[in-house]
Amino acid sequence: RLTNDGRQIANAYGLTLGFREFFPNIGTVTVNLAPAASNGRFRAGDSFVELKRCPWLGNYWTIRGGDFNLPGRIINVAFNNLYYPAITGRGASVEAIHGSRTIGFFFGAETLQSGWRVPLRLQAPQLMTGAYLHQQVGERLVIAIRFLNLSTDLKELRKSKEIAVTGAPLHDSRTAILSGLYTMSPQIKWYGEVAHSQSSQDQPPTALHAPPLSATFGPIIETRAFTLRA
């Protein structure tokens, strides 16, 4: 049973079924089904079909249909004061790996986890499409690029009883991020990130417009005695 501020969101029951098998020259096939019933209607947790590391055209392909999730940060650097929410959706994702290069595409409807004990997924009235590139350049530099487009059905959002709407939500937004990590020595690294974003609202904004460009730069120093991130 899931509640929010004393209001019941779901009274759910269900089960999880899983299957994973490796096939030579094809890859690893994973099937995960999590059907459930909640308040007399069908709900679902993480349900997907995935083919992982399939060799084709000189790449290792991962194709996933159903629920998918991607990390919020395209280069994994632990700056604890910067929060990057994960990208979770219900649709399809495709990733191709060739040596030190990874290219991926994804599209679908955004989903939200409705509880910790019963991890049902709520499908939000928001569509997203995106693409990303992760590339190792030489032995010291890693760069990554991601484009993300979000489009929200504001009428459906305002009618939702499960998603709180505050202020004037965005109708759509587009974000492009370029990140890089340069290893100066085993103990010293330098991280940089530049982002460009655009968005639109049905209502005039109530605050001053922020500039479309943002940037984050900082060193990472890790020794046996201490760790410093700035």
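## Close-up views of a predicted model

Figure 1. Arg121 lies in strand S12, which covers residues 121-137. The structure shown is a predicted model. Is Arg121 buried or exposed? Its relative accessible area is 10%, so Arg121 is buried, the cut-off being under 20%. The side chain of Arg121 makes a polar contact of 3.0 Å with the side chain of Thr111. Leaving aside residues up to four places away in sequence, Arg121 touches Ala44, Gly45, Asp46, Asp67, Thr88, Arg90, Thr111, Leu112, Gln113 and Ser114.

**Figure 2. Strands S13, S14 and S15.** Strand S13 (residues 141-152) and strand S14 (residues 170-183) run antiparallel and are joined by 11 bridges. Within this pairing, Arg146 has Ile177 of S14 as its bridge partner. S14 is also joined to strand S15 (residues 188-201), again in an antiparallel arrangement, by 13 bridges. One of the pairs here links Leu170 to Gln201 in S15. How many residues stand between S14 and S15 in their hairpin? There are 4 residues between the two strands.

Figure 3. Ile145, Leu178, Tyr182, Met184, Ile188, Trp190, Val194, Leu213 and Phe217 make up a nonpolar surface patch of about 850 Å². At least two residues of the patch come from each of S14, S15 and strand S16 (213-222). Which strand gives the largest share? That strand is S15, with 3 residues.

**Figure 4. Trp190 within the patch.** Trp190 is a residue of strand S15 and one of the members of the nonpolar patch. Its relative accessibility is 41%, which is not over the 50% needed for an exposed residue and not under the 20% for a buried one, so Trp190 counts as partly exposed.

**Figure 5. The protein that holds these views.** The protein has 1 helix and 17 strands. Its C-alpha trace spans about 60 × 55 × 40 Å along the principal axes. Of its 230 residues, 33% count as buried, and Arg121 is one of the buried residues. The protein exposes about 14,800 Å², of which carbon and sulfur atoms supply 59%. Among contacts between residues at least 6 apart in sequence, 47% join residues at least 24 apart.

Note on methods:
Residues numbered from 1 in each chain as written. Predicted model: local features only at pLDDT ≥ 70, side-chain atom pairs only at ≥ 80, totals over all residues. Heavy atoms only, no water. Buried < 20%, exposed > 50% of the residue type's maximum accessible area, 1.4 Å probe, protein only. Polar contact = N/O pair within 3.5 Å; in protein donor to acceptor, adjacent residues only side chain to side chain. Contact = heavy atoms within 4.5 Å. Pairing = 2+ DSSP bridges. Patch = residues over 30% accessible without salt bridge, like charges linked within 9 Å, V, L, I, M, F, W, Y side chains within 5 Å. Areas by Shrake-Rupley, 256 points an atom, 1.4 Å probe, with all protein chains shown as cover. Salt bridge = Lys/Arg side-chain N within 4 Å of Asp/Glu carboxyl O.
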